[in-house]
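Here are my notes for you on this structure. Keep the 3D view open while you read, and click through the residues as they come up.

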Amino acid sequence: MRGQAPGASARPVTGGVSGPAAEAVLDGRWLLLGKDGRLTAYARAEGGLLRWTETRPGGPGWQGPDFFAAPGITDISVAQGENGYVHFLGRRVRGKQPGAPAEIVHAIQYQSGRPLTEWASVGSPYKDAERAGLIGPPVGAVSASGTVYVFIRNAGGGVTMRRESERGGWLPWTDIRGNKAQDGLAVTALRSGRLELLTPGEGPAMHWCQTQGDGEVERRPNIHIAPAADSAVVLETGPDRATFYWTDLATGTVQAHRPGGWVIPMGGSPAPGRLAAVRSMIDGYDCTVLAHRDLDGSVMLAASGTENEQAGVWWSPTGETSPHQPVLAHDGLGRLVLAVLDERGDLRVARQGPGPGLVMEPAGTV
């Protein structure tokens with residue numbers, strides 16, 4: 001897998017006039033920091049994906065968008081390893097007829113601004129075409145060893161995973177069970193190398209994890225929460241400890257939970273889509289910053305002490321609106337960055353300003 005030759009070079013796109021415009025963001029953290037200190041943003045476009053890359057660490061200049069073809073791919077999620085490699089996992093439909101079989105595909109970007117590899121098939125857990133057409137969108141994570149994991153909702157309503165072998169190929173598909181799973185699986189790799197996976201269902205949410213890096217992915221007791229589909233995120237908030245954030249199906253508000261603890265209400269009124277979550281130092285304190293779209297499309301931002309959500313969270317409007325989920329990251333200078341796609345499909349970026357507290361500078365269109 002890792003020895004493949006790069007794919008075709010990117011094709012420049014100018015404002016959606018000479019090429020396809022951005023239509024949606026990728027699933028996962030779609031704004032990523034490369035090993036060279038430059039941020040890269042990704043979005044979906046008709047027939048492929050778009051990429052914007054900072055011209056230098058900390059900006060403010062960007063190049064792009066560049067277009068990369070992804071024919072037949074209906075869903076793309078993104079994950080990044082500690083080595084900076086960006087992994088794209090897609091659901092590709094083989095044929096145009098209703099119920100056509102689907103397979104999972106994989107491509108890699110090794111360095112900021114470089115081409116993607118060709119899309120390579122990871123396959124499907126089913127040989128039967130009808131069942132292969134029922135698999136859900138993939139989500140992925142990259143462990144501390146650089147091993148790529150992919151998880152999907154399977155045709156029976158459980159969860160199936162596949163992972164790379166030590167030699168870079170793929171081990172067989174493994175059914176890790178579960179039932180009545182919904183799309184919107186949330187997974188992260190902790191610094192210890194362990195994975196944590198949360199899956200919304202028609203009943204309680206389902207929880208899997210590893211007890212050691214690259215060990216078996218083991219089922220844990222259900223968590224009696226009801227995340228709205230496609231809303232949950234997992235963030236490492238302590239040494240080898242994860243916190244789940246999601247939009248509650250019943251109340252429509254943001255909630256948080258750490259295994260073994262209580263459910264913590266955090267307010268807000270998110271529109272459908274993933275929450276954005278990142279840890280950030282603010283005035284010398286370790287904080288967790290969250291962002292979401294409100295029901296009217298306004299992008300909202302809040303911060304709390306990490307693992308101290310119960311002390312209270314206040315949501316503030318950023319002044320941005322978007323039909324898509326926002327994303328949070330840090331740039332090469334350590335500043336918090338908020339990015340959104342606006343109604344026209346243009347990328348807008350706001351950076352943390354100087355001074356005390358969490359103050360974002362006005363966003364600018366890339």
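1. Let's start with Arg 258. Its relative accessibility is 14%, and since buried means under 20%, Arg 258 counts as buried. Keep in mind that this is a predicted model. To find Arg 258, look in the loop between strand S21 (254-257) and strand S22 (263-267).

2. What does the side chain of Arg 258 make a polar contact with? The partner is the side chain of Thr 243, at 2.9 Å. Leaving aside residues up to four places away in sequence, Arg 258 also touches Thr 237, Arg 241, Ala 242, Ile 264, Glu 307, Glu 309 and Gln 310, among others.

3. Now hop over to strand S4 (residues 39-45). Here 7 of the 7 residues are buried, so S4 is largely enclosed by the rest of the structure. In a regular strand, side chains alternate between the two faces of the sheet.

4. Who are the neighbours of S4? Strand S2 (22-25) pairs with S4 in the antiparallel sense over 3 bridges, and Ala 24 stands opposite Arg 44. Strand S3 (residues 31-33) is also antiparallel to S4, again with 3 bridges; Leu 32 has Thr 40 as its bridge partner there.

5. The hairpin of S4 and S5 has 2 residues between the strands, and Gly 47 takes a positive phi near 80°.

6. Next, the second largest pocket, with a volume of about 410 Å³. It is lined by 22 residues, and Val 25, Leu 26, Asp 27, Asp 75 and Gln 325 lie nearest its centre. The lining divides into 10 nonpolar, 5 polar and 7 charged residues. Which strand gives the largest share of this lining? That would be S7, with 3 residues.

7. Last stop: an open sheet of 4 strands, ordered S11-S12-S13-S14 with antiparallel pairing. Strand S11 (139-142) and strand S14 (174-175) are at the edges with a single partner strand each, so one side of each has no neighbour in the sheet. S14 is joined to strand S13 (residues 159-163) by 2 bridges, and Met 161 has Thr 174 as its bridge partner.

Technical notes. Residues numbered from 1 in each chain as written. Predicted model: local features only at pLDDT ≥ 70, side-chain atom pairs only at ≥ 80, totals over all residues. Heavy atoms only, no water. 1 Å grid on protein atoms, 1.4 Å probe; cavity = no way out; pocket = protein on both sides within 12 Å on 5 of 7 lines; lining within 4 Å. Points joined across faces, edges and corners; volume = space filled by probe spheres on them. Nonpolar A, V, L, I, M, F, W, Y, C, P; charged D, E, K, R; others polar. Pairing = 2+ DSSP bridges. Buried < 20%, exposed > 50% of the residue type's maximum accessible area, 1.4 Å probe, protein only. Polar contact = N/O pair within 3.5 Å; in protein donor to acceptor, adjacent residues only side chain to side chain. Contact = heavy atoms within 4.5 Å.
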